[in-house]
Amino acid sequence: MRYHPKSAMIFCAGRGTRMKALTETRPKPMIEVGGRPLVDHALDQLGDIPHRVANLHYLPDLLEKHLHSAGLETIFEEVLLETGGGLKNALPHFDSDAVFTMNTDAVWKGPLAAEILSDAWQPDKMDALLLIVPKSRTHAHLGTGDFDLAPDGQIRRGQSYIYTGMQILKTAPVAAVEDRHFSLNRVWEDMFAQGRIFGVEYNGHWCDVGHPEGIEIAETMLKGL
């Protein structure tokens with residue numbers, strides 16, 4: 001059986017400004033799609049990963065109560081630290097050398113994301129393994145693309161695949177960054193240079209719900225394509 005992390009970091013601290021009026025009274029992870037909060041759709045994709053930690057910042061009370069009832073640990077950020085800073089701030093809560101990280105503004109239809117990452121994770125040659133999806137199976141995504149995938153599984157900046165917001169990432173490169181506020185893109189850049197960042201394709205469908213129009217599109221996707 002291949003080793004994979006038993007812990008996950010769920011990013012819940014953002015203000016969700018692209019959601020406009022929908023986030024005036026609730027944080028983005030609590031916006032409902034198909035009658036369920038976005039964060040629950042994300043947590044579903046972690047399967048049986050037992051240890052889950054989420055960072056909070058904007059309108060945290062409702063989200064904190066919801067996540068605690070689901071068995072998650074939460075960390076309140078006084079100021080937004082971005083993805084890299086948020087993970088670095090949470091590292092004392094983890095005792096493993098790699099963790100899953102996950103955004104909460106997407107909805108999935110297909111196999112469990114964590115299982116696909118776990119099956120492909122090879123820590124001897126990878127510092128990060130990103131779950132990516134081809135444009136043909138993305139919905140409501142407004143960008144042009146994020147990565148290209150080489151035959152050996154390495155990724156580079158490109159436009160053929162979209163990053164789903166979920167990955168397995170070693171924690172040491174995050175801990176090594178001296179700054180408090182930084183994006184995980186900064187950590188990835190060093191991995192690109194070292195040939196230690198890989199991708200694996202999600203063979204289901206994925207919908208971006210980072211903007212209001214994505215809600216209806218995601219609900220249509222869940223009902224059937």
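Student: In this predicted model, what makes the pair of side chains of asparagine 55 and glutamate 77 a polar contact?
Tutor: The distance between them is 2.8 Å, and a polar contact needs an N or O pair within 3.5 Å. The pair therefore counts as a polar contact.

Student: Why is asparagine 55 called buried?
Tutor: Its relative accessibility is 3%, and buried means under 20%, so asparagine 55 counts as buried. Asparagine 55 lies in strand 4. Leaving aside neighbours within four places in sequence, its contacts include Met9, Phe11, Ile75 and Gly86.

Student: Which other residue of strand 4 can we look at?
Tutor: Arginine 52, in the strand that spans residues 51-56.

Student: How do you know that arginine 52 has no salt bridge?
Tutor: The nearest side chain of opposite charge is aspartate 48, 6.7 Å away. A salt bridge needs the two charged groups within 4 Å, so arginine 52 has none, although arginine 52 is buried.

Student: What does the side chain of arginine 52 reach instead?
Tutor: The backbone oxygen of leucine 43, at 3.4 Å. The backbone oxygen of glycine 47 lies 2.6 Å from a polar atom of the arginine 52 side chain.

Student: What is the volume of the largest pocket, and which residues are closest to its centre?
Tutor: The volume is about 840 Å³. Of the 33 lining residues, the closest to the centre are Arg18, Lys28, Thr83, Asn103 and Asp105. Strand 12 gives the largest share of the lining, 4 residues.

Note on methods. Residues are numbered from 1 along each chain as its sequence is written. This is a predicted model: local features need pLDDT of at least 70, side-chain atom pairs count only at pLDDT 80 or more; totals for chains, interfaces and linings use all residues. Side-chain values use heavy atoms; hydrogens and water are left out. Helices (H or I, at least four residues) and strands (E, at least two) are DSSP runs, numbered from the N terminus. Buried means under 20% relative accessible area, exposed over 50%, partly exposed in between (1.4 Å probe, protein chains only). Lys and Arg count as positive and Asp and Glu as negative; His and the chain ends are not counted. A polar contact is a pair of N or O atoms within 3.5 Å; within protein, one must be able to donate a hydrogen and the other to accept it, and residues adjacent in sequence count only if both atoms are side-chain atoms. On a 1 Å grid over the protein atoms alone, a cavity is a set of points where a 1.4 Å probe fits but cannot get out, and a pocket is an open set with protein on both sides within 12 Å along at least five of seven lines; lining residues have an atom within 4 Å of a point. Grid points are joined across faces, edges and corners, and a volume is the space filled by probe spheres set on the points. Contact means heavy atoms within 4.5 Å.
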